[in-house]
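Q: Hi! Could you walk me through this one? I'm new to reading structures.

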Amino acid sequence: MPADFARVDQAPLLEGVRVLDFTRVLAGPYATMVLADLGAEVIKVELPGHGDEARNFGPFIAGVSAYYASVNRGKKSVTLDLRTPRGSGLAMDLVERSDVLVENFRPGSMARFGLDYDRVSARNPRLVYASISGFGQSGPYSHRPAYDVIVQAMSGLASITGLPGQPPVRVGSSTADLSAALFACVGLLAALARARETGRGRHLDVSMLDCQVALLENAIARYDVNGQVPGPLGSRHPAITPFQFFAAADGWVVVAAGNDRLFDRLCQVLGRPELDEDARFADNAARTENHAELESELNAAFAGGSVDEWLERLEKAGVPCGPVNDMADLVGDPQVRSRGLIRRQPCDGESVAVPVSPLRFAGEAPEIDPRPAPALGEHTESVLQELLGVDGDELGSMRRDGVI
């Protein structure tokens, strides 16, 4: 392999891409963190004296928000008051030197700052611009504020989460924010590839509600086909049985017997071969129709052994299974450790455990930027001096005036 090819192949995939980041809390910051993990230079623009409100979310380590630190690694922080003409002007100057802009203000906010897509694209036609919001840039809800819990509720996700007969439940991870972040990254990378070919950027409109609806899987199809409104099923699958959690003597086991062959093996492992011969459980459709009776039989069987005993026997028989881990189990899990999924990130002299990029290229994970999440305004002077040529006197004047 030629030496120059090897050097290029080992370079971060988004090396040379500059991202101007006007985001806060979770959906936007998570999207730009993914881009930073892939090698992009991310310049996070924050309000002087305040910054991203997630900086105030606990828990804290060495006075720094672990919440904030977990989704802002590898970025630069520049403070600009976009409400001032000088602040918005400096932001526009940075736009001219950037490839991507990401914002997650309510629709209309960037226009008030003079930084809406039409104006910035006039200054930088190749800029790829993503707007992430709760409900999108159009429609009757477009100007409503939104947080993850609101979108989980309005999307219908909460209505199919939890236990039958119990109140609706929020999923334990912020799936509405995170799905919007990941769809934004997909769209940005596609638009960036096209911009490199044509010299023309795009405006990407990403709605948390849209993205959460896109991830409802077959719930909408089930409603459309049978006319019944889906409800919560606990850990059970609506169309595959058994496909759920079972209580062992000392914890929980998850089993996914997705076909008749696997169900037969499960019955043999449990010492209940007669279940495989029962007409009520003859095939997947019958098992799903009679899930309550089957669940009762399987619960009684699993209660007779420990988690480790069942997992050993199920794995040996080739039945898909696993433990139901809590966070302590997860961070110590040998597969998680082998893949390097959790690492310690520097945090103002301390460190905090965070999940890293799950992407692997030719078996290798992206080389994560070792820099922790930035302090508020940590890179203001260096970025404005190096990219825009702002001198020390002007920096001092703007700092006194509250512009930076």
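Q: Glad to have it on screen. How much of the chain's contact set joins residues at least 24 apart?
A: Among contacts between residues at least 6 apart in sequence, 67% join residues at least 24 apart. Contact here means heavy atoms within 4.5 Å.

Q: What kind of model is this?
A: This is a predicted model: local features need pLDDT of at least 70, side-chain atom pairs count only at pLDDT 80 or more, and totals for chains, interfaces and linings use all residues. Residues are numbered from 1 along each chain as its sequence is written, and side-chain values use heavy atoms, with hydrogens and water left out.

Q: What share of the residues is buried?
A: Of the 404 residues, 44% count as buried. Buried means under 20% relative accessible area, exposed over 50%, and partly exposed in between, with a 1.4 Å probe and protein chains only.

Q: Let's switch to sheets. What order do the strands take in the six-stranded one?
A: The order is 5-2-1-6-7-8, in an open sheet with parallel pairing. Two strands pair if DSSP finds at least two bridges between them.

Q: Which strands stand at the edges there?
A: Strand 5 (76-79) and strand 8 (203-207) do; each has a single partner strand, so one side of each is left without a neighbour in the sheet. The twist averages 20° from one strand to the next. Axes for such angles are lines fitted to C-alpha atoms, for helices over the stretch in contact, and angles run from 0 to 180 degrees between N-to-C directions.

Q: Which helix packs on that sheet?
A: Helix 8 (residues 175-198), which touches strand 6 (100-103), strand 7 (128-133) and strand 8. The direction of helix 8 makes about 165° with that of strand 7.

Q: What holds paired strands together, in general?
A: Strands of a sheet pair through backbone hydrogen bonds, either parallel or antiparallel.

Q: What about the three-stranded sheet, which order does that have?
A: That open sheet runs 9-10-11, with antiparallel pairing. Strand 9 and strand 11 (321-323) are at the edges with a single partner strand each, so one side of each lacks a neighbour in the sheet. Neighbouring strands of this sheet are turned by 25° against each other on average, direction ignored.

Q: What about the hairpin of strand 12 and strand 13, how many residues sit between the strands?
A: Two residues, and in that hairpin Asp348 takes a positive phi near 55°. Strand 12 (residues 342-347) and strand 13 (residues 350-355) pair in the antiparallel sense over six bridges, with Val352 as the bridge partner of Gln345.

Q: New topic: where are the cis peptide bonds you can show me?
A: One joins Gly58 and Pro59, with omega about 0°, and Pro59 sits in the loop between strand 2 and strand 3 (60-61). Another runs from Thr241 to Pro242, with omega near -5°; Pro242 lies in the loop between helix 10 (219-226) and strand 9 (243-247).

Q: Is Val25 buried or exposed?
A: Val25 counts as buried, because its relative accessibility is 12%. Val25 is in the loop between strand 1 and helix 2 (27-37), and its phi is near 70°, a positive value in a residue other than glycine.

Q: Last one: what does Arg86 touch?
A: Leaving out residues up to four places away in sequence, Arg86 touches Glu394, Met398 and Val403. Arg86 lies in helix 4 (residues 85-96) and counts as partly exposed at 32% relative accessibility.

Definitions and conventions
Helices (H or I, at least four residues) and strands (E, at least two) are DSSP runs, numbered from the N terminus.
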